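The questions below ask how the labels given to one structure follow from their cut-offs.

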Amino acid sequence: MLRFVARRVVWMFVTLAAISFVTFVVIKLPPGDYTTTVIANAEARGQDIPDSQIAELKRHYGLDKPFMAQYLTWIGGVVLHGDLGQSFAWNQSVSSLIGSRVLLSMVLSIASLLFVWAIAFPIGIYSALRQYSAGDYVASFLGFIGMAVPEFMLALVMMYVGFRYFGQSVGGLFSPQYADAAWNLGKLLDLLSHLWVPIVVVGVAGTAGLIRITRANLLDELHKPYVATARAKGLPEWKLLLRYPVRMSLSPFFSTVGWLLPGLISGETIVSVVMSLPTSGPLLLGAVKSQDMYLVGSFVLILSTLTVIGTMLSDLALAWWDPRIRTRFSKR
């Protein structure tokens with residue numbers, strides 16, 4: 001197991017180095033740079049920016065340097081000083097810009113994941129134990145509907161219903177009077193009153209998918225020889241189910257833990273844009289549109305780091321939970 005972890009850590013650094021470089025290349029592939037966006041916005045307002053000012057902007061942001069010089073300057077600051085660079089569009093450090101939105105992204109992601117687990121596993125276990133019953137058919141039907149309906153469509157429907165029939169806007173996470181207020185009990189309660197809608201919207205597809213996975217895994221375990229052997233030895237049914245097949249079928253629980261880390265930062269970008277949520281997703285989308293390369297590169301690097309760390313943690317959690325996986329790791 002220690003050899004496995006050491007090998008994964010080495011490959012993690014190699015992977016992150018490759019991702020950072022490829023990300024920088026992809027950001028530079030489209031014609032132009034951030035100054036092109038500045039010029040386009042000025043022309044849309046009927047203004048004309050002189051060439052001298054454009055040259056000064058390029059020099060100020062380091063865009064007049066060769067590609068490798070720009071990349072090494074950025075990645076060197078990240079590795080040596082923990083400096084993610086300066087956002088062109090927001091004119092402030094990337095670290096402070098991202099940090100202001102991470103808290104709300106974390107709250108939304110964790111709450112959505114807990115919602116998914118709390119709903120999906122009991123229903124998945126019930127559907128497997130009561131296969132082909134009325135409850136199983138209802139759960140399967142709702143699961144297919146949940147997987148088929150796009151999240152942004154569900155968000156639009158819930159926003160329309162909330163406004164049309166309840167006279168309440170469900171967009172955003174705060175009421176207007178609390179949007180810019182300091183944190184207090186009133187603002188926290190206002191956040192909780194708005195939070196349930198994005199939790200349901202984000203969690204529906206994940207819940208539906210996890211129900212199907214849990215059901216399929218448990219059905220597969222229930223027909224294995226060790227279950228028949230345990231029954232033949234007189235083991236109580238509830239004890240048999242919880243100790244063996246249910247335990248083995250809960251592997252998706254641990255495999256999804258690893259995706260919690262990048263989800264804490266990215267959230268659901270499309271849903272956040274549709275519902276005007278002040279999370280990290282819309283900030284990343286805006287950075288891509290404006291070619292704010294340090295902000296985009298930092299986002300991708302952070303998400304990649306969390307993804308590879310989360311994947312390794314999921315593998316270790318699965319090995320701890322399932323002895324079959326632990327044995328497989330020990331043979332590598």
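Q: What makes the contact of Arg 231 and Glu 237 a salt bridge?
A: The side chains of Arg 231 and Glu 237 come to 2.8 Å, N to O. A salt bridge requires a side-chain nitrogen of Lys or Arg within 4 Å of a carboxyl oxygen of Asp or Glu, so the pair qualifies. The model is predicted: local features need pLDDT of at least 70, side-chain atom pairs count only at pLDDT 80 or more, and totals for chains, interfaces and linings use all residues. Side-chain values use heavy atoms, with hydrogens and water left out, and residues are numbered from 1 along each chain as its sequence is written.

Q: Why is Arg 231 called partly exposed?
A: Its relative accessibility is 39%. Buried means under 20% relative accessible area, exposed over 50%, and partly exposed in between (1.4 Å probe, protein chains only), so Arg 231 falls in the middle class. Glu 237, at 37%, is also partly exposed.

Q: Which class does Glu 221 fall in, buried or exposed?
A: Glu 221 has 5% relative accessibility and therefore counts as buried. Its salt-bridge partner Lys 224 lies at 3.2 Å, N to O, and is partly exposed at 26%. Asp 220, Glu 221 and Lys 224 are linked in a network of salt bridges.

Q: How many salt bridges does the rule give?
A: The count is five. One of them joins Arg 59 and Glu 56 at 2.5 Å, N to O. Arg 59 and Glu 56 are three residues apart in helix H3 (residues 51-61), and therefore about one helical turn apart. Helices here are DSSP runs (H or I, at least four residues), numbered from the N terminus.

Q: Why is the pair of Phe 21 and Phe 67 called edge-to-face?
A: The ring centres are 5.9 Å apart and the planes 75° apart. Phe 21 belongs to helix H1 (residues 2-28) and Phe 67 to helix H4 (residues 67-81), 46 residues apart.

Notes:
Rings of Phe, Tyr and Trp (its six-membered ring) pair if their centres lie within 6.5 Å; planes under 30 degrees apart count as stacked, over 60 as edge-to-face and the rest as tilted. Helices (H or I, at least four residues) and strands (E, at least two) are DSSP runs, numbered from the N terminus.
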